[in-house]
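This report describes how the secondary-structure elements of a two-chain model are arranged and where the chains meet. Please consult the sequence and the structure shown below while reading.

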Amino acid sequence: MGDAQRCWEDVAVGDVLDGFSLPLTMTRMALQVSGTQDFYPVHHDRTFAREGGHADIFINTGFIRGALCRLVTDWAGDAGFVKRLGFQMRRPHLLGDTIAVKGRVTRKWRDDAHAAVELDVWIENPRDGVATPGSATVHLPSRSA
Amino acid sequence: MTIAYDIEAVRTMWEGHETELAWGRYPVEHDPIRRYCHMVDDLNPRYLERGECPPVMVDYFASAGAWPPAELDIIGLVRKIPTPGNRLVNLGHEFEWFRTVRVGDRLGAFHRVVSIEQRATRLDPASVWIRTKTTVVDGERRVVAERVNQIMVHQSVEEIARG
């Protein structure tokens, strides 16, 4: 946060979004329920989760997309517009994991209306590696617009 | 349960089903945004100081919320579709945004069942995969965002063991 506005011309394919890490402590799991208002017990009740065949409670969709949104909007700056965000939740991020939220620029292009950048974004954990792969499209300001 | 489950009948009944437009219980508000940002340590002043709604929260504000009891987002719709189990796991999400939303805006949403499939997972050989599309609109009924969600409904370990 607080960097000068990133413009489309500043971006190159291959640029890395360093992102951030979050330890999934029980407090973080409580913040998840508070932040998403998702009270489905598989995300906070360890007995319920195990009865369903899961190894433990795990973070929900709202948390995952909040983390990916933070990654992308921090990178895009105030004038960036997140046009699209998609992701697959292939393996769960469990209580006790420390997740890393990262990204990489894969494509940039212009059309009549926008200067756009495509990103690979993902969340990884030490057990499964990239358990949540995704991608995003961001519209950035252009100095030549 | 698995043998009796008629996926084709369920698909015929539910694929293409669309809900009525329903409005969020409250307009976009600062405090839920603050709690959401707190969850992932997001300090972005766009959201915390300037009243912009994080794009991934538009469906949150288009929903009635968890209390008083109401149909929450797609959960009420998914619960109406017959499935062998009743445990939910979300598997995928695809959002596209068309407008920026701000504190005070009123949002609503309607949902459509895109597809229903039965496909085994590591949790349940009789898992049912339900794909939905949600359209979020603002107070002037302009489309703010579209969201495609993939949810999987499965049985518990005990239910599978019972057969």
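## Strand pairing around β2(A)

G86(A) has S135(A) in β5(A) as its bridge partner. The two strands concerned, β2(A) and β5(A) (residues 129-139), run antiparallel and are joined by 6 bridges. Strands here are DSSP runs of E with at least two residues, helices are runs of H or I with at least four, and both are numbered from the N terminus. Two strands are said to pair if DSSP finds at least two bridges between them.

β2(A) also pairs with β2(B) (residues 87-97), in the antiparallel sense and over 5 bridges. Within that pairing, Q88(A) has G92(B) of β2(B) as its bridge partner.

## Basis of the model

The model is predicted: local features need pLDDT of at least 70 and side-chain atom pairs count only at pLDDT 80 or more, while totals for chains, interfaces and linings use all residues. Residues are numbered from 1 along each chain as its sequence is written, and chains are lettered from A and ligands numbered from 1 in the order in which they are written.

## The sheet across both chains

An open sheet of 10 strands has the order β1(A)-β3(A)-β4(A)-β5(A)-β2(A)-β2(B)-β5(B)-β4(B)-β3(B)-β1(B), with antiparallel pairing. β1(A) (16-23) and β1(B) (22-23) stand at the edges with a single partner strand each, so one side of each has no neighbour in the sheet.

α3(A) lies across β1, β2, β3, β4 and β5 of chain A together with β2 of chain B, and runs at about 140 degrees to β2(A). Axes are lines fitted to C-alpha atoms, for helices over the stretch in contact, and angles run from 0 to 180 degrees between N-to-C directions.

## Architecture of chain A

Chain A contains 3 helices and 5 strands, which follow the pattern β-α-α-α-β-β-β-β along the sequence. The C-alpha trace of chain A spans about 55 × 25 × 25 Å along its principal axes.

α1(A) and α3(A) pack with axes 9 Å apart at an angle of about 90 degrees. The two helices are therefore roughly perpendicular, a term covering 65 to 115 degrees; under 35 counts as roughly parallel, over 145 as roughly antiparallel and the rest as oblique. Q32(A), G35(A) and T36(A) of α1(A) make this contact with G62(A), F63(A) and G66(A) of α3(A). Residues are in contact if their C-beta atoms, placed from the backbone, lie within 7 Å.

## Contact between the chains

In total, 30 residues of chain A are in contact with 29 residues of chain B. α1, α3 (61-76) and β2 (81-88) of chain A each supply at least two residues of the side that touches chain B, and the largest share, 9 residues, comes from α3(A). By class, this side of chain A has 12 nonpolar, 11 polar and 7 charged residues. Ala, Val, Leu, Ile, Met, Phe, Trp, Tyr, Cys and Pro count as nonpolar, Asp, Glu, Lys and Arg as charged, and the others, Gly among them, as polar.

The axes of α1(A) (residues 26-36) and α2(B) (residues 30-39) come within 8 Å and cross at roughly 150 degrees. That angle makes α1(A) roughly antiparallel to α2(B). L31(A), Q32(A), S34(A) and G35(A) in α1(A) meet R35(B), Y36(B), H38(B) and M39(B) in α2(B). This contact has 3 nonpolar, 4 polar and 1 charged residues.

Technical notes. Two residues are in contact if their C-beta atoms, placed from the backbone, lie within 7 Å.
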